[in-house]
Structures are given as C-alpha cells and as structure tokens.
Amino acid sequence: MNDYLIEFRLEFDNQTSFWSNLTGNWSFSNVSTNIDFRVEEEPLRPYYGKELSIFREKYTSVHGYISVIVCLFGIFANILNIIVLTRKDMISPTNAILTGLAVADMCVMSSYLPFAIHNYIRVDQADEDKFSYGWAAFTLFHAHFTVVCHTISIWLTVTLAIWRFLSVRFPANVVKWCNMNRAKLAITMTYVYCAIFCLPVYLTFQIHEVRENQEVTYQIGFSRIAQKRQQLLQNVNFWIFSVLTKLVPCVLLTGLSLGLIRVLYEADLRRQRLKNRSECDKSCDRTTRMLLAVLLLFLVTEFPSGILALLSGILGKDFFDNVYQNFGEIMDFLALVNSAINFFLYCSMSRQFRDTFAKLFTPKMVTKWIAVPTEQAVTRDTTCV
C-alpha cells in the first residue's frame, strides 16, 4: 500500500503560500518500502497568454480620450441631477439620498479628469514633467480622494436599496422609518464613516524619490508603515478595499434587488385581482423600477472588479499581474460609466424628474408651443417619490 504526499508551494512577495492547483517542489514518500524519491523542478506557473496584455495596450491608447468624454458628461449630468432633485417639488427622502449619491459621483469624475489627461493623453511628456513632485502629490491625493468618494457612492447605493425595500415592503411604517431627518442622518453618517473607514489607505501609500542617471522623479509606492510586520497593513488594505468594499455591497444589493423584484411582482398580482390601481401606486412602481435600474447598473459595473480582486487574493501575484492589472483601465471606465449614466435613468423612468427638468431648462418660447404634461407629487415623504 503506497502513501503519497504531494506538496505544492508557491513563493511571492517574500511570503510563502500553499496552493492545491500549482505545481512546485514534489515530494513522494513510499511508506511501505521506506524509499524516498524527490524530484526538484523549477516552479511551474500558469500560462495566461499575451492576449490580455495586447488588449490592454490597445485599449490604453484610447482610454484617456473616452474617460475624458465620460467625465465631462458625467460632471455636467450630475450637476443637473443635483439642481433638479433639490427643487422644492422634488424634495423627498429618496431624492435626498440620490442627491448625496450625485455629489459623490461628481467628485470621483472631477478628480479622475486631470488624472486621465496627464497619464493617458499627454504621453509625450518628459519623465521629469510626468513624474514631478507636484503630480506625485496630486496622484496621492487623487488615490485617497477617489477611494473615499467611490466608497461613499457604493454605500449610499446600498442605503438607497435598503431604504426602498423598507418603503415597499412595510408601507405602513414608511413615514416613521424613512423620513427626511433619517435620510439626512444616513447621508451624513455615510460620508463621515467612509472617510474614517479609509484611514488604512492614507497610511499605506507615500511619495518616493527616485534618482536615476542624475534625474530625480517622484512616484507613489507603499509606505514604510505598510511594509512593517510582514506587510500587515498592505494585506489588510487589499482585503478591505479590494474585496469587502466591492463584494459585500454587491452581495447585499443582489439580495435587496431580488427582494424588490419579488415585492413588485406580488403587488402587481394583488392589484390585478383588485383591478384598482391608484395614481400613487403607479408612481411608486415607477420609482421602484427606476431605483432597481440604478442598483442593477451598479452590480454590472462593480461585480467584475470585486470578483477579480477576490481571485487575486486567492490565486496570488501571478493572477494579479497578468489578469487584474490588464483589466485595470476597463474597471475604471465601468466605474465612471456607473457614475455618469444615472441622469439617463432618471429622465427615462421618472416623469416627475422629466417635468421638473423641462420646467427649469426648456426655453419659454418652446413651452408656449409644446404642452408639457405635469404630474403632482403625491405624498412626498412616503413611498411615492
């Protein structure tokens, strides 16, 4: 009877990890004959191919221009969102959360715009200009600022989903649970807690001076604090911000979205039996469907990066370098699209938003000739938004 022991070992980043799907040093031990047979080989690494690198190289050449267009449109669209959602006849708890979401999304794109121009469009710069201390300081600020604002955007989306689920699932308690004061408190606490929660990010990176051929450049790298204690802070930062801030909200939103769809389906069945649908019911359904579209868009744009981050943590540095890194610009683009496209969703799915927008921005000469249908807001602080 033979008993074989196979040890798989992969070393990277001064750390040793054990994997069940990578071959390394093989050790076979025949227990019955006490014969030890060892084969020393070079570690075999999975082959990822050059296709992803080629794809990244081609896409990077146009990423800057596409990102600038999305950012410019997104900033303008979110300004319009804020203007419309803060009008007197649009004020409601749900719209207050959407306003907070628009502010966070606008901040993300405002910071990404100069970053994209400097790093992806102005490619002919000299190293001393591209990696000057001023741009290194801005890049460090951009890294921290966008992480905070994007984290705020993510958790405001989760708050919005929870808010709407409570409004639709428990309509009798909506005035007590989902009032304006609680909405303002939720927005304020999200902004404050996310800024505090991102404290490990502030400590993980710092500006490094690089001297080469009598040239001095400045680049962003891991801080000394992050490298201490076997890179503890670096690893904590990765798992918290690359996995928890992506996958946990996505899982929550998936469950809440399925719950909203189920509640909408059950409500439609009841109304079909009763054959009685008030205008308030129709308005609630439109609002819920609009918010579902917002949630599903978030899942489509954020879930892939969360999955890739999780796989990077499980499979190690090779996967991170050969797969995750090659999709970096694509994931940035998807996040920008998620931040910019909500204006289209509001216009296409909310008649009240369209009416308010038309009143604010349609020229008076046009409104004399075109009748703009109006819809009064019914019970602003309840389920009808």
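Start by selecting I83, which sits in helix α1. Bear in mind as you go that this is a predicted model. I83 counts as partly exposed because its relative accessibility is 30%.

**Stop two: the largest core**

Next, pick L98, Y346 and F353. Of the 34 residues in the largest nonpolar core, these three touch the most other members. If you colour by element, look for α1, α2 (93–121), α4 (133–169), α6 (180–197), α8 (224–274), α9 (279–315) and α12 (342–349), each of which gives two or more residues to this core.

Zoom in on L98. What is L98 in contact with, leaving aside its neighbours within four places in sequence? Show L85, L160, M290, L291 and Y346, and you have the answer. There is also a second, separate core, with 15 residues; M106, A116, Y120 and L336 are among them.

**Stop three: helix α11**

L336 belongs to α11 too, and is buried there, along with G328, E329, M331, A335, N338, S339 and A340. Try the distance tool on this helix, residues 328–340: the end C-alpha atoms are 19 Å apart, which agrees with the 18 Å that 13 residues should span at 1.5 Å a residue.

**Stop four: the salt bridges**

How many salt bridges does a search of the whole structure find? The count is 3, so here they are, one by one, remembering that side chains of opposite charge can pair when their charged atoms come close.

- Select R56 and E329, whose closest N and O atoms are 3.1 Å apart in a salt bridge. R56 is in helix α1 and E329 in helix α11, so this pair ties together parts that are 273 residues apart in sequence. R56 counts as partly exposed at 28% relative accessibility, while E329 is buried at 6%.
- Move to K246 and E302, where the side chains meet at 2.7 Å, N to O. This pair links distant parts of the chain, with K246 in helix α8 and E302 in helix α9, 56 residues apart. Buried or exposed? K246 is buried, with a relative accessible area of 16%, and E302 is buried as well, at 1%.
- Finish with R211 and E209, whose closest N and O atoms are 2.8 Å apart. R211 counts as exposed at 62% relative accessibility, and E209 as partly exposed at 43%.

Note on methods
Residues numbered from 1 in each chain as written. Predicted model: local features only at pLDDT ≥ 70, side-chain atom pairs only at ≥ 80, totals over all residues. Heavy atoms only, no water. Helix = DSSP H or I, 4+ residues; strand = E, 2+ residues; numbered from the N terminus. Buried < 20%, exposed > 50% of the residue type's maximum accessible area, 1.4 Å probe, protein only. Expected span 1.5 Å × (residues − 1). Core = buried A, V, L, I, M, F, W, Y, C linked by side-chain atoms within 4.5 Å. Contact = heavy atoms within 4.5 Å. Salt bridge = Lys/Arg side-chain N within 4 Å of Asp/Glu carboxyl O.
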